[in-house]
Amino acid sequence: MTKTILITGAANGIGLASARAFAANGYNLVLTDLDETLCRQRAAELGGNVLPFGVDVRDKASIQAAFDAGGKEFGGIDTVHANAGVSSMKPALDLSEADWDFNFDINAKGVFLTNQVAVRHFLDRGLKGVIVNTASLAAKVGAPLLAHYSASKFAVIGWTQALAREHAKDGIRVNAVCPGFVRTPMQDREIEWEAQLLGTTPEKVLQSYIDQTPLGRLETPEDVADVVVFLASDGARFMTGQGVNVTGGVYMT
């Protein structure tokens, strides 16, 4: 039976790489993103059994509509990559409540809502589903200038562990990936912000990321996507509640 995955934040970066990797492994795809137009464009590029859907992960009804549509189209969704995320960058004492809420609403609340809808979808259909959440290196080590982002990603790890323990009895596995310095449009923005805040150049910031990575290069979205595919596979059948580092050695614990 062909498996079906729903991916949030699927129009760019890690989400798009994940979509391509799962398509290559024969999955049906439900691609969701806040940018519905770009999501539909990505679906057309991928071809095959792909359903694009505009979703705001801060809105439970929006997430539920995507699951309902994907379930109707493909007979059920058994795999979820909760990937949608945002970042901003400021010194901790300069953060506003709006900065904090922006990161938590998407990075933490978005994962919470997506996972909750997913588990209910699995249970209603008797599926032993799999969830992979996108956390971060910053979910393991607090990152200067990213205190609010780090806090939101630490929340993803705590939620992942708790949900995994609660629903292991149902055969549902829940894990997270923790990427390092990944070359994505979000990282491009962060490099510019960090350079401005530190009074240096984007080129020096970029080089500092490489210098911190023992494997000696920037991470690609594909480096992460391949691990997501593994965690969703039977090869990871005895893994749950894990925050798997995919950092090129930046963090090893």
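Predicted model: local features only at pLDDT ≥ 70, side-chain atom pairs only at ≥ 80, totals over all residues.
Residues are numbered from 1 along each chain as its sequence is written. Local features need pLDDT of at least 70, side-chain atom pairs count only at pLDDT 80 or more, totals for chains, interfaces and linings use all residues, and side-chain values use heavy atoms, with hydrogens and water left out.

The largest nonpolar core comprises 26 residues. Such a core is a set of buried Ala, Val, Leu, Ile, Met, Phe, Trp, Tyr and Cys residues joined through side-chain atoms within 4.5 Å; buried means under 20% relative accessible area, exposed over 50% and partly exposed in between (1.4 Å probe, protein chains only). Phe22, Leu29, Leu31 and Val177 have the most contacts inside this core. At least two core residues are supplied by each of β1 (4-7), α1 (13-24), β2 (28-33), α2 (36-46), β5 (130-134) and α8 (221-232), where helices (H or I, at least four residues) and strands (E, at least two) are DSSP runs numbered from the N terminus. Helix α8 gives the most, with 6 residues. Apart from this core lies another, of 24 residues, among them Leu51, Val57, Ile63 and Ile106. In soluble globular proteins, nonpolar side chains tend to be buried together.

Phe22 is buried, with a relative accessible area of 0%. Not counting residues up to four places away in sequence, Phe22 touches Ile5, Tyr27, Leu29, Val228, Val229 and Ala232 (contact means heavy atoms within 4.5 Å).

The structure holds 4 aromatic pairs, defined by rings of Phe, Tyr and Trp (its six-membered ring) with centres within 6.5 Å; planes under 30 degrees apart count as stacked, over 60 as edge-to-face and the rest as tilted. Phe22 and Tyr27 form an edge-to-face pair, at 4.7 Å centre to centre and 80° between the planes. Tyr27 counts as buried, at 12% relative accessibility. Trp100 and Phe104 form a stacked pair, with 4.6 Å between centres and 20° between the planes. Both residues lie in helix α4 (residues 97-125), 4 residues apart, about one turn of the helix. Trp100 counts as partly exposed because its relative accessibility is 37%.

Ile14 lies in helix α1 and is buried, with a relative accessible area of 12%. Its contacts, not counting residues up to four places away in sequence, are His81, Asn83, Pro179, Val182, Thr184, Pro221 and Val224. The C-alpha atoms of Ile14 and Arg183 are separated by 9.3 Å, although the two residues are 169 residues apart along the chain.

Leu145, in the loop between β5 and α5 (147-167), has a positive phi of about 75° although it is not a glycine. Leu145 is buried, at 18% relative accessible area.

A search of the whole structure finds 1 cavity of 30 Å³ or more. On a 1 Å grid over the protein atoms alone, a cavity is a set of points where a 1.4 Å probe fits but cannot get out, and a pocket is an open set with protein on both sides within 12 Å along at least five of seven lines; lining residues have an atom within 4 Å of a point. Grid points are joined across faces, edges and corners, and a volume is the space filled by probe spheres set on the points. The largest cavity holds about 30 Å³ of space. Its lining residues are Thr8, Val57, Ala82, Asn83, Ala84, Ile106, Gly110, Val111 and Thr114, with the largest share, 4 residues, from α4.

The second largest pocket holds about 230 Å³ of space. Of its 14 lining residues, Lys128, Gly129, Val130, Gly171 and Arg173 are the closest to its centre.
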